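Please take a moment with the sequence and the fold below before reading on.

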Amino acid sequence: MKKVLITGGSGFIGYHLARWLRQNDVAVRCLVRPSSSLSLLKSFDVEVYTGELDHSASKGGVSLREAVEGCDTIFHLAGLVRAMNYQEFERVNHFGTENLAKAAALSASPPVFIYISSLAAAGSSLPEQPKREHEPPVPISLYGKSKLAGEEALRPFADRMPCTIVRPGIVFGGADKMNVELFKVIKKWGVYPNPGYVDKLYSWIHADDLCDLLMTIAQKGERLVPNQPPGTGIYFASSDEGRKWSEICRLIGQSLGRDRVRAVHCGPIGLWALSTFYEAKKRWLGKAQPLDWEKTREALHHWTCSPEKVKMQFGFLPQPLEDRINQTTQWFVEHGWL
């Protein structure tokens, strides 16, 4: 691995991956949207290319063919997690992936293509039954369906370049603008929101552990191959099989110096009512909101996946989740986020 392209390089995971690769003396090129903030990348020696996955903005941006040229590995991180409708999700998560894969496959020397998908593409899990790679995907949200569509869009190119799909659980760490809000609430009030009345199970992975795993998969991982057993070329990424939401929030509280944290429950009826307000606000303003009907549907399920495959194939041993939560809190404090 000598030169890598990261799509979505200005984002939270892209920041960690760029730092991780540069620390390992790998040349990094980041493809970012024209509107992206580059503040997280300023401390690294990386190439920054401006462009769009849907080719719609040629206003001084590079083409995807230019972006992939000379790179031996692509980490495709870019995607939408919130959108107005499925068409918006599809434009980036499905067709954007297809466009990038097509450009990469046409290279003189096609790169290894690592698509960072999502556990949402596989679907929610049953209690104590984490998702495994060989199980058929059953996404329950528009976001999950669009990420699965991106996976399927990659498959036709697997005979022309090495392709692998990685489905992480909840990714957290420093520079995480989404999960920092949970840390803030716990620090200030000593409480955490609990959607529904059941203590849900979730699979988590720290961004540094994910980056370590992505580098290993890029170098030694399985690839998508036609007519192979289900799950070939696909990996779940998680620190363990899952933790209760209350346990995660308790660990966050301890890292912030709070011995006790309490759950504030919002039953399904209340949650749907609240999300209906935000759904109406989304449609009125024409702007995606942090909570809508799709996010509520996801919030009422368990989300766990098994790390058994990556442990068996690569000896993957992430740092203890407790240590990673402490590390994340320290980052937030040192950078003035808390």
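The paragraphs that follow turn to a strand, a helix and some salt bridges.

This is a predicted model, in which local features need pLDDT of at least 70 and side-chain atom pairs count only at pLDDT 80 or more, while totals for chains, interfaces and linings use all residues. Residues are numbered from 1 along each chain as its sequence is written, and side-chain values use heavy atoms, with hydrogens and water left out.

Helices (H or I, at least four residues) and strands (E, at least two) are DSSP runs, numbered from the N terminus. In strand E1 (residues 3-7), 4 of the 5 residues are buried, a word that here stands for under 20% relative accessible area, with exposed meaning over 50% and partly exposed in between (1.4 Å probe, protein chains only). Strand E1 runs parallel to strand E2 (residues 27-32), to which 5 bridges join it, and Thr7 stands opposite Leu31 in E2; two strands pair if DSSP finds at least two bridges between them.

Helix H8 (residues 245-255) has several buried residues, among them Trp245, Ile248 and Leu251, and Gly257, which follows H8, has a positive phi near 85 degrees.

A salt bridge is a side-chain nitrogen of Lys or Arg within 4 Å of a carboxyl oxygen of Asp or Glu, and by this rule the count comes to 21. One of them joins the side chains of Asp208 and Arg324 (4.0 Å, N to O); because Asp208 lies in helix H7 (residues 207-220) and Arg324 in helix H12, this pair ties together parts that are 116 residues apart in sequence. Asp208 is buried at 6% relative accessible area, and Arg324 is buried at 9%.
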